[in-house]
Amino acid sequence: MGEKKANRELPERKKEFKTTVDGAVVNRVYTADDLGKDRQGDIALPGEYPYTRHIMPGGYRTRLWTMRQYAGFATVEETNNRYKYLYAQGQTGFSVAFHLPTQEGYDSDHPLSAGEVGRCGVAIDSLEDMERLWEGIPLAEVSTSMTINATAPILLAMYAAAAQKQGADISCLRGTVQNDILKEYIARNTYIFGPAPSMRLVTDLCVYCAQYMPQWNSISISGYHMREAGATAAQEAGFTIANGIAYVQAMIDRGMSVDSFAPRFSFFFAAYTNLLEEVAKFRALRRIWARIMKERFGAKDPKSMMLRYHVQTDGFTLTGQQPLNNIVRVTLQALAAVMGGCQSLHTNSFDEALALPSEEAVQVALRTQQIIAHESGVTDTVDPLGGSYYVEWLTDRIEDGAMRYINEIDKMGGALKAIEKGYIQREIAASAYNYQREVDSGEQLIVGVNRFTTGGEPAPKLLEVGPEVEQRQISRLSRLKRERDNQKVGEVLNRVRVAARGDGNIMPALIDAVKAYATVGEISDALRVVFGEYRETGIL
Amino acid sequence: MRDKKVRVLLAKPGLDGHDRGLKVLARGLRDAGMEVIYLGLRLTPEQIAEAALEEDVDVVGLSCLSGAHMVLFPKTVGLIREKGGGDILFIGGGIIPGKDIPGLEAAGITMVFGPGTPIGEITGFIKERVRRRGVDNQD
C-alpha cells in the first residue's frame, strides 16, 4: 500500500476549513498555481512601491519597531510612575490612555464623570495635570502617542504647551495623536459633536501640525476599534482605508496639497491570533494604501504612499478564564504584527479581561515584544513570510475583500455617508453576532472557554483604582479653578467660541485657552455651544 | 393584559463606549423570542431608570467596561426599585473583577455574566428566572 493512498483515506478534522477573513474555504495546500500571475509585480521588494513587503528596504535590520505600551490610570502621579517604570524596563515610546471624561469633554467633577475618574486612563482636566504627567520626562527627546479623538485638539494643545514649559521647541516634538473621529461613530463611541464639525476639528489639527509640528503624526486612522467591535480582517482593512480616503479628501478640500500632509498620516490596526491571516492583512493594507495615494490622489512623495502603522494585540480575544493562556495569544498576535512589518506595537497584558493591567502583567507583555525582537530570529530578514504561497494568496484575498468594501462605500458617497446610513455599523454588528454564534456552537474553538475548560482557577492579582482617586482629582480641580485668573479664562473661552463660529483654524484659540488653564470640560462646553452634541441612534 | 414576550431593556450607563457585547446580546435575545429595548450608551442611571419603568420591562441588563460599575450599577438598581420597579430582574456584564460581584449581588444585580459567556446561558437564565417569578406571583 503506497503512502499516497493512505493519505487520501485519512479523514480531515473538519468538513471545511475557512478563513476568518471572509469565510472563504482554505485549500489543503497552496502552490504557485494559486497566485495570480498578474500580481507578481504587486509583491516587489521591501522599500519598493507598492510596499507589500515593507516600507523600508532594511526592515527591522535597520531599526526595531517602537515598543509603545499604552498606559494611564488614576492620577498623573501614578501614571508618571508607571511611565518611568516602563521606560526603565526598555520601553521605547510612550502612549497615553486618558480616562473617559477627558476623552468625552467632561471635567472630573461633572456628574457624568462619577465613577469614571482615573479608571480607564489617567485623569487630565487642565494643563496643570498635563505638566505633572510629564514631570522628569523630557518631551523634546521622547515620542508620545495619545489616544484621544473628540478632544484631540485640546489635548494636543496641552501637550505642546507642556513641552514649551519644559523649554522644548514644538517643531521638534515627535509622536502621534489618534484624532480619528470617523471610527468613533462606527465603534468605541467617544464622540462629542456631529460628524461635520468633528471633521473640521480633525482637519484643523492636521493643518496645524503640517505647519508647526512637522514631525508629529497628525492622525492615526484606526481599524483597531472596528475589529474589537466585531469586524473581520477584510472589514477592518476596507473600512479603515475608506475612512483614510475621507480624511485625505477633506484635507485636499481645505486646499492642502497631498504631499504636504500625507507623510504624517499614520494608521492603527489590531493583530488577532490567526497568525498568517494577520500577516497577510498588513501586507495587503500597505499595498492598498500605496495604490490609492498614488493613483487616486496623485501623491508624488513616496512617504505619502507608505502606510506606517501601530499595532495593538487584540483585547477581545483575551479570556477571563485561565488568564495565563493570554500570554500565548498575545505572543502569536505580536508575532503577526512584527512579521507583518509594524512600526510600533503595544502588547496587551494577560489580565486585561479582568481589570486594568497590573505591573507584573505589563512587564510580561513588554518582555514578549523584547523576546520576539531579540530571540525569535524573525527580525533578521525583511518580510520573512513573503513568497509563502498561502500568505500571498491570503494577501490577495484580503486586498480583494477590502477593495469591495471601499468600492461599495465610494458608491454611497464616501465614509461619512456610509456611517450616516449605518452601513458600516451594521456590517460590523452582523460579523460580531456571527462570530458569537460560531463560538457558542463550538465551531469556533476557544481554549479555556468552550473547550479545555477547568473552572475555579485562582484570580491573578489585579490593579485597583480606589474611589479616593476621584476625590483627590476633584479637590485638585477646584483648587485650580479658585487660584487661576478667572477673568482671563472667561476671555479665552470666548475666543474659542468665536473661533469655532468662524472658519479659520481653531488651534491657536485652543492653545491660548489651555495656557490660561481653562479645563477640558470648559473648552468642550464652549465648543458644544457652537457645534451641538451628537446622539447615536442605537444601530443594532 | 400584557403580551407574553419577555421584555428586556439593555443599556450602558456611564461614559464607556464598548458596546459589542451588548449589541450581540440584543440580537441573541431577539432570536430567543424576547422583546429588546436597546437604549444605547452614555446614559445616566436616571435615564435608564426612567426608560425601564416607562417600558414596563421584566429585565434590565447593564454593561460596563470602564470600571465604574460599582458606582453606576447599584445606583441604577436603587433608582428603579425606589420608583416601583421592585420585580425587575437585573443582570450585569462587562469587565467586572470577581471580588466586586458579591457587592453587586448585594445591591440587587442577580447575576453578573463575564466575558465569554454563551448567549444561550443568558437567555436560559432570563427565561428561567422570569418564568419562575411569574409562577410565584400566581401563588
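How many helices and strands does chain A have? Select chain A and colour by secondary structure: there are 23 helices and nine strands, taken as DSSP runs numbered from the N terminus (helices H or I, at least four residues; strands E, at least two).

Some ground rules before clicking on. This is a predicted model, where local features need pLDDT of at least 70 and side-chain atom pairs count only at pLDDT 80 or more, while totals for chains, interfaces and linings use all residues. Residues are numbered from 1 along each chain as its sequence is written, chains are lettered from A and ligands numbered from 1 in the order written, and side-chain values use heavy atoms, with hydrogens and water left out.

**Chain A, zoomed out.** The C-alpha trace spans about 95 × 55 × 45 Å along its principal axes. Of the 540 residues, 61% count as buried (under 20% relative accessible area; exposed is over 50%, partly exposed in between; 1.4 Å probe, protein chains only).

**The second largest pocket.** Next, select A:Arg63, A:Thr66, A:Asn217, A:Arg308 and A:Gln343, which lie nearest the centre of this pocket, out of 43 lining residues. A pocket here is an open set of points on a 1 Å grid over the protein atoms alone, where a 1.4 Å probe fits, with protein on both sides within 12 Å along at least five of seven lines; lining residues have an atom within 4 Å of a point. Strand S3 of chain A gives the largest share of the lining, four residues. Elements supplying at least two residues each include helix H3 (59–62) and strand S1 (66–71). Colour the lining by type and you get 15 nonpolar, 21 polar and seven charged residues.

**The loop between H2 and H3.** Stay in chain A and pick A:Pro50, in this loop. A cis peptide bond, with omega about 0°, joins A:Tyr49 and A:Pro50. A:Ala44 lies in the loop between H2 and H3 too. A:Ala44 has a positive phi of about 50° although it is not a glycine, and it counts as partly exposed at 24% relative accessibility.

**A:Ala74.** Now go to the loop between S1 and helix H4 (76–88). A:Ala74 has a positive phi of about 55°, again without being a glycine, but A:Ala74 is buried, with a relative accessible area of 3%.

**Over to chain B.** Last stop: B:Ala32, in the loop between helix H1 (20–31) and strand S2 (35–43). Draw a C-alpha to C-alpha distance to B:Ile119: 9.5 Å in space, 87 residues apart in sequence. B:Ala32 counts as partly exposed, at 22% relative accessibility.

Definitions and conventions:
Ala, Val, Leu, Ile, Met, Phe, Trp, Tyr, Cys and Pro count as nonpolar, Asp, Glu, Lys and Arg as charged, and the others, Gly among them, as polar.
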